[in-house]
Amino acid sequence: MDTPYHHLHAPPYYPPLLPEEQPSDAGTPASHRKPFKGFAAILASAIFLLSLVALIINQTQKPLPSQNNIVPTSKPTSFSNPEPRGVAEGVSAKSNSHLLRNIKGSYNWTNAMFTWQRTSFHFQPEKNWMNDPNGPLFYKGWYHLFYQYNPDSAVWGNITWGHAVSADLIHWLYLPIAMVPDQWYDINGVWTGSATILPDGQIVMLYTGSTDKSVQVQNLAYPADPSDPLLLDWVKYPGNPVLVPPRHIGPKDFRDPTTAWAGPDGKWRLTIGSKIGKTGISLVYQTTDFKTYELLDEYLHAVPGTGMWECVDFYPVAINGSVGLDTSATGPGIKHVLKASLDDTKVDHYAIGTYNPANDKWTPDNPEEDVGIGLKWDYGRYYASKSFYDPYKKRRIVWGWINETDTESDDLEKGWASVQTIPRTVLYDNKTGSNVVQWPVEEIESLRQNSTVFEEVVVEPGSVVPLDIGVATQLDISAEFETELLGSGAMEEGYGCSGGAIDRSAMGPFGLLVNAHDSLSELTPIFFRSSNTTKGTNTYFCADETRSSLAPDVFKQVHGSKVPVLQGEKLSMRILVDHSIVESFGQGGRTVITSRIYPTKAIYGAARLFLFNNATGVNVKATLKIWRLNSAFIHPFPLDQI
C-alpha cells in the first residue's frame, strides 16, 4: 500500500553536515513541494542567522564526542600479529589487523548491538565464518549456493564448503556441509571453485585444494546422486588432483578455477588466476573429460602491475543488453567480461572486451581501463565475486562476499563474520557501451510491504530533512534527484568522493542519510556530487562510512567513483538497507557500492532516514518511493520431512 505525502509544511533550514558530529533536533517531516525561485536574499539571511545562533550555542554547549576522541573501554584488543590471517597459508587477507593496528582499545559492544548487526534478508550462515561464494547453479528447481565456511569458529580457517538452497534466491534453506578437508590434496582447505553443467545435465565441480604441503591444486568433485535435487552428497574424484601448478607458477599462486566454456572444436576451456612477478595472469586449460588437461602456451590475458589474480570470472554478455547468456555463447552481438579479484588490493576489477575462440585470447575494448586498472565491480566492501548463468530465467547472476571491518575479537564475541550480497543480475549497458549494469534480482520485491511516497521535496543548501517513515532498518529505497543551480555554475576542479559528505562544493554532495540517529551523531551518507570542469560535467556516486559508527575499532572509509550520466537522465539511486549492510546502486546499477557498518546508537527504533543537501549552490528536488522489507526467515532445510 502506498502512502503519499501531499501539501505538508515546507522543510525548515538545517545546519549543513559538519566535520564533527553536532547535536541536531529532528525537524518537520519532508513534504510534497514545488520548487521556488528568487529566494537568494532570504537564504542568505537565514544562513547568517543560523551562523550567529550556532556561534552562541557553541559557546554554551559541549558537542557530542567525535569518532576520534571516544574514550576506549578497558576491554583489550590484541593486534600483535602484523600479518593478516590467511596470508601465510596462501590466500588473501582474512582479518583486519593491518588496518586497525593503531587502535589501542575496543568499543564496549553489547549483545543487543551485535544482534542488530545480523541481517534479515541477506544470506549468512547461522554462525561462524564465511567468505567466498562458490559453485552457484540452478538444478532441478533449486538455486544452490556453496560458500567458504569454517564450522568451528568465527575466524578464517578449517575451510569447508557450506551449502544452502532456495527456490527464489531470497528465502534460503541451510543444508549440511557439502565437502570437508579430508584428503591429502585438500587437507588444508577446500577452497574456491566453480560448477559447470554439461549438455547432458551432469554437474562438474572444480575446486582448489591446499595440500598437506600447502601447494594449491585443482580437484574434481561430482554429485553422489544426480537424481537428488538438493545435491546433498558429493564424491571427490579418486584421481585428484587433476591439475598442479605449472613449473613457472608458484605453489601458492594457482587457485580458483572458473566455470568452463565449450569452444568451437568441442573442447572445454577454463581459466585459473595466477601471477608472474607483479603481472596478474589468467591461465587457460583445455579438456574433454575434466580429468586430463592441456595448458595453453598463451594466457587468456595478463596485466602488468596488478599482482595475483584470484577468483577470476569470464563470461559473455549480449550487446543489446536484453538477457543473460550461457557461458559458452559466442558469435556476433556478444562481448566478454573478464573479472579478477586482486589479492594485493582486495578489490574486484573487470573490463569488457572481445574473446577470440580461435586462439583463446581476450582483448579489452579500452586498454586504459583494463582489468585491475579501470572499473571496479563494486566500489565498497566487496570481494571474490562469482557468477553463474540461470537457464530458468535466462539471466546471469553474481554474488559477492561482504567482509568485516571490525576486529577478530569482536567477531568471536558476536559468533559470526561476513555476509553475501543480494544476488544481482548482470547486463551489458548498451546505452554507454563501456560498462555493465548490476541490479538486485527481481525476487527481492517479494519482501516489499507497505510503501511511502515523497514527491518533489525541495532540499535547500545546507539542509537535512527527516523522512517520516518510522524505523529505517529494512528498506528498499528508490530515489530521483533534480538540481536547480543558484549561481553561475563556475568551474570546480578536484572534487570527487574522497572528501566525504562534509566536503562542500557548489553542486554537491546531496542524497540520503541511512542508518542515521536523530542527533546525527551516527549516519551513513549515500550521495551524488557533480562538478563543472574544463572537460565537462563529472558526476560521482559515493558512500561515506566515516561517521557510520561511534566505535573507534572499526575501519571506516569513503567509497565511490564517477558514474556515467547521459543527456536527459535524472540522477537516480536505489538503496537496500538491511541492518548493518547497505547496498547502493547509482544510475541503474552503473556504479555499485556495498557498505558494512557498525552503528552503536542508530539501531532498532533509533535508525532513521534523512534527505540532505550539503551543496552550496544548488537546490535539490527529490522524489522517492520507500518500501519496508520483510525478513527472508532463512533457516535449516527440514530434512526430516523428506
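Mentor: A residue is called buried when its relative accessible area is under 20%, exposed when it is over 50%, and partly exposed in between, using a 1.4 Å probe and counting protein chains only. By that rule, buried residues make up 59% of the 642 residues in the protein chain. Please keep in mind that this is a predicted model, in which local features need pLDDT of at least 70 and side-chain atom pairs count only at pLDDT 80 or more, while totals for chains, interfaces and linings use all residues. Residues are numbered from 1 along each chain as its sequence is written, and side-chain values use heavy atoms, with hydrogens and water left out.

Trainee: How many helices and strands are there in the protein chain?

Mentor: Helices (H or I, at least four residues) and strands (E, at least two) are DSSP runs, numbered from the N terminus. On that basis the protein chain has three helices and 37 strands. As for contacts, meaning heavy atoms within 4.5 Å, those between residues at least 6 apart in sequence join residues at least 24 apart in 67% of cases.

Trainee: Which strands form the open sheet, and in what order?

Mentor: Strands of a sheet pair through backbone hydrogen bonds, either parallel or antiparallel. Two strands are taken to pair if DSSP finds at least two bridges between them. Here six strands form an open sheet in the order 21-2-3-4-5-37, with mixed pairing; its edges are strand 21 (416-417) and strand 37 (635-636), each of which pairs on one side only. Within this sheet, strand 4 (residues 160-166) and strand 5 (residues 172-179) are antiparallel and share five bridges, and Trp161 stands opposite Met179 in strand 5.

Trainee: Why is strand 29 described as largely enclosed?

Mentor: Strand 29 (residues 524-533) has 10 of its 10 residues buried, so it is largely enclosed by the rest of the structure. Both of its faces are covered, with Ile526 and Phe528 among the buried residues on one side and Phe527 and Arg529 among those on the other. Strand 29 pairs with strand 28 in the antiparallel sense over five bridges, where Leu512 has Ile526 as its bridge partner. Strand 29 is also antiparallel to strand 30, with eight bridges joining them; Arg529 stands opposite Tyr540 in strand 30, and these two strands form a hairpin with two residues between them.

Trainee: How many aromatic pairs does a search of the whole structure find?

Mentor: Rings of Phe, Tyr and Trp (its six-membered ring) pair if their centres lie within 6.5 Å, and planes under 30 degrees apart count as stacked, over 60 as edge-to-face and the rest as tilted. The search finds 32 aromatic pairs. One of them is the stacked pair of Trp109 and Phe114, with 5.8 Å centre to centre and 25° between the planes; both residues are buried. Ring pairs also link a cluster that includes Phe123, Tyr143, Trp172 and Trp399.

Trainee: Which residue lies over the face of Trp627?

Mentor: A charge sits over a ring if NZ of Lys or CZ of Arg is within 6 Å of the ring centre and within 35 degrees of the ring normal. Arg448 lies over Trp627, at 3.6 Å from the ring centre. Arg448 belongs to strand 25 (residues 448-459) and is partly exposed, at 24% relative accessibility. Leaving aside neighbours within four places in sequence, the contacts of Arg448 include Asp476, Arg574 and Trp627. Elsewhere, the charged end of Lys414 sits over the ring of Trp416, 4.7 Å from its centre.
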